[in-house]
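Please look over the model below before reading the points. They are set out by topic.

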Amino acid sequence: MSNIKTSARTVAAVLLVLVMGPFCANIARAESPASPDPAHHVIEIKLADLNDDNPLIDYRKAVLELAMRATGKRFSIKGCQVADVATSDQRYVQLIQAGQYCNLMTTSAGSSMTRGLEGIPFPIYLGGGGYRVLMANAASLQRARDIRTLDDLRRFRIGSGIGWTDTSIMQANGLDVVQGNYLNLFEMLKARRFDFYNRSVFEASGELETYDRDHQLAIVPDLVLYYPVDLFFYTTPGRDDIRDALLEGLRKILRSGELAELIRQHRSTRQARQLLKSTHPRVIVLNNDRLTPLERKAIETYRLDWFK
């Protein structure tokens with residue numbers, strides 16, 4: 001008799017499980033947190049230097065916004081929430097490595113500072129960042145007429161910033177480089193501490209307007225230096241969402257022609273493009289062995305003919 005009762009209880013228990021199982025499963029699913037929906041994921045970008053009122057930085061933001069819109073993904077862009085004091089690139093690198101306050105910056109390819117960051121292998125100037133002009137004082141402007149080769153240039157002293165990638169590139173090419181603080185270099189050139197100040201083709205004209213109100217300096221006409229370098233975006237390690245979306249968007253705006261149009265129209269690039277197109281400068285080519293293989297390949301792959 002006891003065996004019959006036991007069997008009956010067992011059967012009842014099994015039936016209860018069968019009946020209640022789907023109900024309990026539904027409760028469990030209702031109580032468990034929902035899985036993230038990729039379609040609703042917002043890529044939050046915290047860009048270094050965003051709040052700096054500078055045409056060159058405005059260009060970086062314009063490229064970033066154009067590329068992210070091209071992906072069709074949801075995103076937001078804001079500046080890094082750091083103290084309102086001057087912040088060096090090295091400090092931004094540290095902040096981006098941590099990823100809390102900043103997660104994206106723009107700086108020159110080949111910098112040793114960025115080795116711990118995740119690079120987006122796409123030159124935002126399509127190679128234009130490698131074109132340089134020489135700012136001169138009255139005496140060196142006259143002497144520059146005879147410069148035709150790298151050996152000719154080696155007879156002069158070139159001013160450049162302390163720790164800059166450009167400084168190490170010129171030194172590796174056998175040039176005599178005098179280093180100093182960015183702003184001090186303009187006064188040092190006026191005082192003839194060196195002969196030329198190496199500047200980006202995008203920077204020089206605006207800098208003369210700002211730092212040479214007494215018109216002691218000028219750009220050496222019809223002479224351009226070139227070495228393979230450009231500005232790249234760098235993000236926090238592990239932020240694959242930023243890296244992948246931004247690279248996808250940059251490629252899209254290149255194919256669509258939107259990036260070339262931005263370069264043609266933007267206030268920080270249009271004069272440089274017109275300058276290189278309208279002249280037939282002497283071009284002196286320097287080697288650059290500081291690039292990573294990925295950076296070098298990107299500069300070789302994504303290019304604009306700046307002389308057309």
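1. Basis. This is a predicted model, in which local features need pLDDT of at least 70 and side-chain atom pairs count only at pLDDT 80 or more, while totals for chains, interfaces and linings use all residues. Residues are numbered from 1 along each chain as its sequence is written, and side-chain values use heavy atoms, with hydrogens and water left out.

2. Overall. The protein chain has 12 helices and 12 strands, taken as DSSP runs (helices H or I, at least four residues; strands E, at least two) and numbered from the N terminus. Of its 308 residues, 44% are buried, meaning under 20% relative accessible area with a 1.4 Å probe, protein chains only. Among contacts with a separation of 6 or more, 79% join residues 24 or more positions apart; a contact is heavy atoms within 4.5 Å.

3. Strand 10. In a regular strand the side chains alternate between the two faces of the sheet. In strand 10 (residues 223-226), Leu223 and Leu225 point one way, Val224 and Tyr226 the other way, and all are buried. Two strands count as paired if DSSP finds at least two bridges between them. Strand 10 pairs with strand 5 (residues 131-137) in the antiparallel sense over 2 bridges, where Leu225 is the bridge partner of Arg132. With strand 12 (residues 282-285) the pairing of strand 10 is parallel, over 4 bridges, and Leu223 stands opposite Arg282.

4. Helix 9. The 17 residues of helix 9 (residues 240-256) should span 24 Å at 1.5 Å a residue, and the end C-alpha atoms are 24 Å apart, which agrees; the expected span is 1.5 Å times one less than the number of residues. Its buried residues include Ile242, Leu246, Leu250 and Ile253. The buried residues of helix 9 pack against elements including strand 1 (42-47), helix 2 (55-71) and helix 10 (258-265). Gly257, with a positive phi near 90°, follows helix 9.

5. Second largest pocket. Which elements each supply at least two residues of its lining? They are strand 4 (118-120), strand 11 (231-235) and helix 12 (293-301). The pocket holds about 150 Å³ of space. A pocket here is an open set of points on a 1 Å grid over the protein atoms alone, where a 1.4 Å probe fits, with protein on both sides within 12 Å along at least five of seven lines; lining residues have an atom within 4 Å of a point. Among the lining residues are Arg115, Phe232, Tyr234 and Glu295.

Definitions and conventions. Grid points are joined across faces, edges and corners, and a volume is the space filled by probe spheres set on the points. Buried means under 20% relative accessible area, exposed over 50%, partly exposed in between (1.4 Å probe, protein chains only).
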